[in-house]
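Me: I would like to go through a structure that is new to me. Could we take it step by step?

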Amino acid sequence: MKVFYNVLGVLAVLLGILGIFLPLLPTTPFLLLASACFARGSVRLHRWLIGHRVFGKYIANFEAGHGIPFKGKIVATVMLWGSMAWSSRHFDSIAILIMMGVIGACVSTYMWWYLPTLKLPPASAKPTEPIVSRTELP
């Protein structure tokens, strides 16, 4: 079963990397999926993902229940609704447009009402490490 989780985690990381460059492919959900898979399949891969210099601190804070920064919520909301508005030009079906709107509303509701907002220290005292200390990780 560990092999399955590791393969799924690697695929999720690859899709997450593609999502950086492809506008309609999300990055964050794939990286969170990879983290969940690696946590069950390989401690070494999970530590690598959590320790990554670019997105490791965001994943560590999310897993610890601290949430995401306020600025991240704003950027995610603008990107979500902007990409859905751009994509809606290509669909004539009202059912697809309604489905896109419902999905966007559900994601926005979760992000703004249920996902905690990470309280960052002032920019002058900004730490380089995530809020979660390395000793708290498995």
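The conversation below goes from the overall fold to single residues.

Me: To begin, what kind of model is this?
Reply: This is a predicted model.

Me: How many helices and strands are there in the protein chain?
Reply: The protein chain has six helices and two strands. Along the sequence, these elements follow the pattern α-α-α-α-β-α-α-β.

Me: And what share of the residues is buried?
Reply: Of the 138 residues in the protein chain, 29% are buried. The accessible surface comes to about 9,300 Å², and carbon and sulfur atoms account for 72% of that surface.

Me: Among contacts between residues at least 6 apart in sequence, what percentage joins residues at least 24 apart?
Reply: That percentage is 62%.

Me: Which residues does Ile59 contact, beyond its neighbours within four places in sequence?
Reply: Ile59 is in contact with Leu31, Leu32, Ser35, Leu49 and Ile50, once those sequence neighbours are left aside.

Me: What about Ala39: where is it placed?
Reply: Ala39 is in helix α2. Its relative accessibility is 46%, so Ala39 counts as partly exposed. Ala39 and Leu49 are 10 residues apart in sequence, and their C-alpha atoms are 9.9 Å apart in space.

Me: Changing topic, how many aromatic pairs does a search of the whole structure find?
Reply: The search finds two aromatic pairs. In one of them, Phe70 and Trp112, the ring centres are 5.7 Å apart and the planes stand at 80°, so this pair is edge-to-face. The cut-off behind that step is that planes over 60 degrees apart count as edge-to-face.

Me: Which parts does the pair of Phe70 and Trp112 tie together?
Reply: Phe70 lies in helix α5 (residues 70-88) and Trp112 in helix α6 (residues 94-114), so the pair ties together parts that are 42 residues apart in sequence.

Me: How accessible are the two residues, Phe70 and Trp112?
Reply: Phe70 is partly exposed, at a relative accessible area of 48%. Trp112 also counts as partly exposed, with 33% relative accessibility.

Me: Staying with helix α5, is Lys73 buried or exposed?
Reply: Lys73, which is found in helix α5, is buried. Lys73 has no salt bridge, and the nearest side chain of opposite charge, Glu63, is 18 Å away.

Me: Then what does Lys73 touch?
Reply: Not counting residues up to four places away in sequence, Lys73 touches Ile68, Met111, Trp112, Leu115, Pro116 and Thr117. One of these, Trp112, is also the partner of Phe70 in the edge-to-face pair.

Me: Finally, is Leu80 buried or exposed?
Reply: Leu80 is buried, with a relative accessible area of 18%. The cut-off here is that buried means under 20%. Leu80 is placed in helix α5.

Me: Which residues is Leu80 in contact with, apart from neighbours within four places in sequence?
Reply: With those neighbours left aside, Leu80 is in contact with Gly104, Val107 and Ser108. Leu80 and Ala105 are 25 residues apart in sequence, and 9.9 Å separates them in space, C-alpha to C-alpha.

Methods. Residues numbered from 1 in each chain as written. Predicted model: local features only at pLDDT ≥ 70, side-chain atom pairs only at ≥ 80, totals over all residues. Heavy atoms only, no water. Phe/Tyr/Trp six-rings, centres within 6.5 Å; stacked < 30°, edge-to-face > 60°. Helix = DSSP H or I, 4+ residues; strand = E, 2+ residues; numbered from the N terminus. Buried < 20%, exposed > 50% of the residue type's maximum accessible area, 1.4 Å probe, protein only. Contact = heavy atoms within 4.5 Å. Areas by Shrake-Rupley, 256 points an atom, 1.4 Å probe, with all protein chains shown as cover. Lys, Arg positive; Asp, Glu negative; His and termini not counted. Salt bridge = Lys/Arg side-chain N within 4 Å of Asp/Glu carboxyl O.
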